[in-house]
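Take a look at the model before reading on.

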Amino acid sequence: MKNYTNRILRISSSFGILFLLIPVCCIWSQSKLQITVSIPPQKYFVEKIGGNLINVTVMVPSGSEPHSYEPKPQQLADLAQSSVYFAIGVHFERAWLERFKAANPNLNIVYTDKGIEKIPMQTEKRTQDSESHDDHTNIESMDPHIWLSPPLVIKQAELIYNALAKIDLINKEIYRKNYGNFVREVSELDTELKKVLMTKDTKVKFMVYHPAWGYFAKAYGLEQIPVEIEGKEPKPADLARMIDKAKESGIKTIFVHPQYSTKSAKTLADALKGEILFVDPLAYDWDKNLRNIAQQFKKAIK
Ligand code: ZN
């Protein structure tokens, strides 16, 4: 009998830590609402509103681009842990949201671009042909980069808040408070960017390889000049035209994104005796990133 008790004691002491840890870890991770988003800036927005009540996973890792991303099988499997997916309207979602839902039928898919009026994706060709108004604006040609405009992020924040408050009703008050604070922060950023970019005398123009900054330009009265033509590198004739345009506008800096080729941007910059500068439309540090980029755009034109 004594022997038996000793054995039990020995077994439970060697497993005791495990027995204690398992429930604690599971209660802890389940108490956080598990959320998946498409791109890093959304993680920033959702964390601002969800605070430490949530845990956010990003589908398109930094450095990849969300137009043609292909999720890994492990990412599909991991979706089983998520209760919410915040979609934003980037192109890969169209092919994948159905499959996400199939991988986890309980997944709540929330569209945070709902109610946001999209503008056509700017391309050099479109600018040139603007007289001949053949406006076949299909969904493929609409600009998905709505996370780069603070006024539009305020709209997205409202949809994020509504979804969190509905799914996790008990914590509604916390989400509401965080949401209020976030809206205030974004409004302050908006005011600040207007001061930097909306100067009376000159219109800030910038040349960028992939035209991700359409909504940003619209919000702050800037002119975005894209290098990429309909998703492809420009041909030598297009480049020659762009060199003239850049010279006319006093542009010496060509902006590029880490997710894209810098080949034609480099050719342009060399022809202008200028430089290429990296900016990242997908950075997680959303507010710092936009502040920094506003300064870069402004500095690029003399
Ligand atoms: Zn893009």
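## The zinc site

His67 is buried, because its relative accessible area is 18% and the cut-off for buried is under 20%. The model is predicted. His145 is also buried, at 2% relative accessibility.

Which residues coordinate the zinc ion? His67, His145 and His210 do, each through NE2. The distances run from 2.0 to 2.2 Å. Along the chain, the donors follow the spacing H-x77-H-x64-H. His67 and His145 link distant parts of the chain, 78 residues apart. His67 sits in the loop between S2 and H3. His145 sits in the loop between helix H5 (124–128) and helix H6 (150–167).

## The chain as a whole

The protein chain has 302 residues, and 46% of them count as buried. Its secondary structure comes to eleven helices and eight strands.

The accessible surface comes to about 16,500 Å². Carbon and sulfur atoms account for 56% of that surface.

## A parallel sheet

In what order do the four strands of the open sheet run? The order is S2-S1-S3-S4, with parallel pairing. Strand S2 (54–58) and strand S4 (108–111) are the edge strands, and each pairs on one side only. Neighbouring strands of this sheet are turned by 25° against each other on average, direction ignored. Strands of a sheet pair through backbone hydrogen bonds, either parallel or antiparallel.

Strand S1 (residues 33–37) pairs with S2 over five bridges, in the parallel sense. Within this pair, Leu33 stands opposite Ile54 of S2. Helix H2 (residues 40–50) lies across S1, S2 and strand S3 (84–87). H2 runs at about 175° to S2.

## Gln75 in helix H3

Gln75 belongs to helix H3 (residues 73–78). Is Gln75 buried or exposed? Gln75 counts as buried, because its relative accessibility is 18% and the limit is under 20%.

The side chain of Gln75 reaches the backbone oxygen of Met59 at 2.8 Å. Leaving aside residues up to four places away in sequence, Gln75 touches Val58, Met59 and Tyr69.

## Two positive phi angles

Most residues other than glycine have a negative phi. Glu230 has a positive phi of about 45°, although it is not a glycine. Glu230 lies in the loop between strand S6 (223–226) and helix H9 (236–249). Glu230 is partly exposed, with a relative accessible area of 47%.

Lys273 also has a positive phi, near 50°, and is a residue other than glycine. Its place is in the loop between helix H10 (263–271) and strand S8 (275–278). Why does Lys273 count as exposed? Lys273 counts as exposed because its relative accessibility is 75%, and the cut-off for exposed is over 50%.

Key
Residues numbered from 1 in each chain as written. Predicted model: local features only at pLDDT ≥ 70, side-chain atom pairs only at ≥ 80, totals over all residues. Heavy atoms only, no water. Buried < 20%, exposed > 50% of the residue type's maximum accessible area, 1.4 Å probe, protein only. Polar contact = N/O pair within 3.5 Å; in protein donor to acceptor, adjacent residues only side chain to side chain. Contact = heavy atoms within 4.5 Å. Areas by Shrake-Rupley, 256 points an atom, 1.4 Å probe, with all protein chains shown as cover. Pairing = 2+ DSSP bridges. Axes fitted to C-alpha atoms, helices over the stretch in contact; angles between N-to-C directions. Donors = N, O, S within 2.8 Å, 3.2 Å for Na, K, Ca; no water.
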